[in-house]
Amino acid sequence: MEDNRLKNHESEEQIEISVERKLVELYTLQQIDTKIDKIRIIRGELPLEVQDLEDEIAGMETRVQKFNEEIEKFSKDVAAYKIKIKEATALIKKYEEQQNNVRNNREYESLTKEIEYQSLDIQLSEKRINDCNKKSELIKNSLAETNNRLEERKNDLELKKSELSSIVEETEKEEQELIARSNDSEKLIEERLLTAYKRIRKNARNGLAVVQIERDACGGCFNKIPPQHQLDIRMHKKIIVCEYCGRILVDQDIVDMYNNN
């Protein structure tokens, strides 16, 4: 009878140690995978920032090109209006000379109308030159501002690219080492538990499948855990999940065992 009780006690102790070890291994795997997640998050944000800057720079360069095209067009328009003024001025001079040799009032009046027409054409061309110059000046101001902004963004891009290159170089080795550790840790966990862990982790917003009890609440969803439930978790007799979010729950003792390993 005494031998049977001793065997039962040893069996219970073995179950407790076994579950405890499983919880430590699960928590260890979670810590490793969380570190991998953090590296990938940091590296994942920077390429997006680089891409955003490249897109912004491409947009600015297109804008600069359009500004230059508009300035060039206004310049050509001004040149054309100046030629028109020159031609109209020559015609006025010609008509004025012809007025000195007219034979009747009708010819004189006809030449006078031509002179008035050319004079109006000169005024209109001068007005359009003035409008073109004003618009061109506004665009030149916008061009200068865009070029300054473009230079700033190009500098930002170089810094981001340098930062990304540095982080990739620094974290690539660390990530590979963590992945190797994660794979080794997975081998210590039975397939059923590992499958459950990966399923929970995949569905969890922050990738946490194993969480510690914090202030009597689940460290994942922060819902309160009943006292009896907490007692069961501290007993390490079985693996217990949060009834709200389904994450595997561990107590401070498991965390301490992980830290002391």
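Student: Leaving aside neighbours within four places in sequence, with which residues is Ile-32 in contact?
Tutor: This is a predicted model, and what follows is computed from it. Ile-32 lies in helix α1, which covers residues 2-99. Once the neighbours within four places in sequence are set aside, the contacts of Ile-32 are Leu-178, Arg-181, Ser-182 and Ser-185.

Student: Is Ile-32 buried or exposed?
Tutor: A residue counts as buried when its relative accessible area is under 20%. Ile-32 has a relative accessible area of 4%, so Ile-32 is buried.

Student: How does Asp-156 count in terms of accessibility?
Tutor: Buried means under 20% relative accessible area and exposed means over 50%. Because the relative accessibility of Asp-156 is 28%, this residue counts as partly exposed.

Student: What separation is found between the C-alpha atoms of Asp-156 and Leu-188?
Tutor: Along the chain, Asp-156 and Leu-188 are 32 residues apart. For another pair, Ile-32 and Asp-251, the distance along the chain is 219 residues, and their C-alpha atoms are separated by 18 Å. For Asp-156 and Leu-188, the separation of the C-alpha atoms is 46 Å.

Student: What pattern do the helices and strands follow along the sequence?
Tutor: The protein has five helices and three strands. Read along the sequence, they give the pattern α-α-α-β-β-α-β-α.

Student: Which residue in β3 is the bridge partner of Gln-212?
Tutor: Strand β1 covers residues 210-214, and four of its five residues are buried. In β3, Val-211 has Leu-249 as its bridge partner. For Gln-212, the bridge partner in β3 is Val-250.

Student: Which residue in the turn between β1 and β2 has a positive phi?
Tutor: On the β2 side, Ile-213 has Cys-218 as its bridge partner. The two strands form a hairpin with two residues between them. In that turn, a positive phi of about 55 degrees is found at Arg-215.

Student: What is the radius of gyration of the protein?
Tutor: The C-alpha trace spans about 150 × 40 × 25 Å along the principal axes. A compact globule of 261 residues would have a radius of gyration near 18 Å. For the protein, the value is 41 Å.

Student: How many positive and negative side chains does the protein have?
Tutor: The protein exposes about 17700 Å², of which carbon and sulfur atoms supply 49%. As for charge, the centres of the positive and negative sets lie 5 Å apart. The counts are 45 positive and 55 negative side chains.

How values were computed. Residues are numbered from 1 along each chain as its sequence is written. This is a predicted model: local features need pLDDT of at least 70, side-chain atom pairs count only at pLDDT 80 or more; totals for chains, interfaces and linings use all residues. Side-chain values use heavy atoms; hydrogens and water are left out. Two strands pair if DSSP finds at least two bridges between them. Buried means under 20% relative accessible area, exposed over 50%, partly exposed in between (1.4 Å probe, protein chains only). Contact means heavy atoms within 4.5 Å. The radius of gyration is taken over C-alpha atoms; the globule rule is 2.2 Å times the number of residues to the power 0.38. Accessible areas come from the Shrake-Rupley method with a 1.4 Å probe; for residues, only the protein chains shown count as cover. Lys and Arg count as positive and Asp and Glu as negative; His and the chain ends are not counted. The place of a charge is taken as NZ of Lys, CZ of Arg, CG of Asp or CD of Glu.
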